Amino acid sequence: MEQNNNICQIFFIFSFIITFSTFSYYLFTYKFMKLINPRSCKCEICDTFITSSWRQRFTNLPDWITFLLSNSPTRTIHIHVLNNIITSNPNNVEHILKTKFDNYPKGKPTLTILGDLLGQGIFNVDGEHWRFQRKLASLELGSNSIRAYAHEVLAHEIVGRLVPTLEEFQSRGTVGGPRGSNNLGPRSNILVFDLQDVFRKFSFDNICKFSFGVDPTGLPGLDQAFDIASNLSAERALQPSSVVWRAKRVLNLGSERRLRAAIKKVNILAETIIKENRENSKFVTKGNLLSRFMGSVTNDKYLRDIVVSFLLAGRDTNASGLTVLFYLLGQHPEVEARIIEESNRVMYPNKPVPEARPMTIPTLEELSKMHYLNAVVYETMRLYPPVQMDSKFASGDDILPDGTRVETGTRVAYHPYAMGRMEDIWGPDCLQFRPERWLNDEGVFKPMNPFKYPVFQAGIRVCLGKEMALLVMKTVTLVLVRRFRIRLADPGWVPRFVPGLSATFKGGIPVVVLDRCLEE
């Protein structure tokens, strides 16, 4: 009898969830369709949008949001049913990130949504927790010794893992034959592989070595666990009501069950890293970032949150940036040629360039002289920022510089992806990949207003890992461009993004890799 009652209770709870989910979906759809009805719409959206949904007109959700923002007179939209304000107005961005910084924290909703994965890590908290982690991280990441150590680790990973991986893919496609229609060289059996997957694994290994002194190759499957945990955590924010995912978490059902399993694997890695650092095992390279944090933090749970936050930031953003960069270079061989020409001039001054193009890692000083390479990296992230949108929650009523009223509790987001495509910010060629826009008349790199280019955030919460990210992207790009030609396997391939904490191509990016020396 008692067993039957338990079964009935479980059935009732499950039925309630299904019913509530269905009701929420139709209620959300009804309200959203009512929202975009021209007669009831309170958003600053042009009428041309009203005729169809974003899926019918746009490949990606960020492009739909860009369309809405570009047709708003203030470059701001307010989706009332979601209590969400999205802006691409630089004046608003400066207001949110600097002028009224204290009024726009990450907020409790962010902590709730990402709390299972990021916990009290720096990217998920405000107040004292944020200030403590930021102060400690800024002292370490800004030091010359850490920068030199990062360069050393990066060089080892490029020479020892990344280049050999691409050489293997290249060597497995060396069968001679007629040139293909893609003009990829004299190959009839070219191996196609996912470049995004290669960069994600490389970035995962590199950040583990640099930040934690640990080689993750003995812990298989962890990079996939981070993918799952990141994507499912982001999907929570897209649901019309938190009640649904909260109920699924309590009952350990569906996506929440998969999220819990993925986070369990993530925790295993974090616990292993902390344990090995504390025991000073040979498994660990001392002098890494975590060893410095452990001098001030003794709570293992807190250390776990710090580990996961830095790991996700270093892995996902670098992999996203590199993937997009080589997607763009494949379409612009003239940019590759200029990168090679600049590197020859800087690395081999007053002497002939070796014909064999040796795999030389540029020094930090040499990288600082490569202004065009720096411009290529910045231009890549202008069009395809690793973090496409960043949200805050208003802690009090406010009015943005463009006149938009903000009520307490409203989610307020700025959209770097859309901002990179705004003609009033970047000019009529805003959709073109043109690194020259970042150089002055003497060919020297010139930075832009960070509130027009908030790829690394701006103001008080500007990204601490900015210089490290630039170091990784510039070094990897230079080495691979000098050694290989990486091209799309299908010239008609169209980028499609999946929901996540960072920009990720759906299904990866299929490419082929060719030896540059043999192809020239």
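In which helix do Arg 382 and Glu 379 both lie, and how many residues apart are they? This is a predicted model, and in it both residues belong to helix 16, which covers residues 371-383. They are 3 residues apart, about one turn of the helix. An α-helix has 3.6 residues a turn, so residues three or four places apart point the same way. The side chains of Arg 382 and Glu 379 meet in a salt bridge, with N and O 2.9 Å apart. Arg 382 has a relative accessible area of 1% and is therefore buried. Glu 379 is buried as well, because its relative accessible area is 0%. The pair also takes part in a network of salt bridges that links Glu 379, Arg 382, Asp 429, Arg 434 and Arg 437.

The model has 30 salt bridges by the rule used here. One of them joins Lys 106 and Asp 390, at 3.3 Å from N to O. Lys 106 counts as buried because its relative accessible area is 10%, and Asp 390 is buried at 11%.

Another salt bridge connects Glu 365 and Lys 369, whose closest N and O atoms are 3.7 Å apart. Here Glu 365 is exposed, with a relative accessible area of 55%, and Lys 369 is partly exposed at 46%.

Glu 366 lies in helix 15, residues 364-368. Glu 366 is buried yet has no salt bridge. The nearest side chain of opposite charge is that of Lys 369, 7.5 Å away. A polar atom of the Glu 366 side chain does lie 2.9 Å from the backbone nitrogen of Thr 363. Apart from neighbours within four places in sequence, Glu 366 is in contact with Val 346 and Met 347.

The next topic is the nonpolar residues. In soluble globular proteins, nonpolar side chains tend to be buried together. The largest nonpolar core of this model has 141 residues, and those with the most contacts inside it include Phe 199, Phe 326 and Ile 339. Helix 13 (residues 300-331) gives the largest share of this core, 16 residues. Beyond residues up to four places away in sequence, Ile 339 touches Leu 329, Tyr 372, Leu 373, Val 376, Thr 477, Leu 478 and Val 481.

Key
Residues numbered from 1 in each chain as written. Predicted model: local features only at pLDDT ≥ 70, side-chain atom pairs only at ≥ 80, totals over all residues. Heavy atoms only, no water. Core = buried A, V, L, I, M, F, W, Y, C linked by side-chain atoms within 4.5 Å. Buried < 20%, exposed > 50% of the residue type's maximum accessible area, 1.4 Å probe, protein only. Helix = DSSP H or I, 4+ residues; strand = E, 2+ residues; numbered from the N terminus. Contact = heavy atoms within 4.5 Å. Lys, Arg positive; Asp, Glu negative; His and termini not counted. Salt bridge = Lys/Arg side-chain N within 4 Å of Asp/Glu carboxyl O. Polar contact = N/O pair within 3.5 Å; in protein donor to acceptor, adjacent residues only side chain to side chain.
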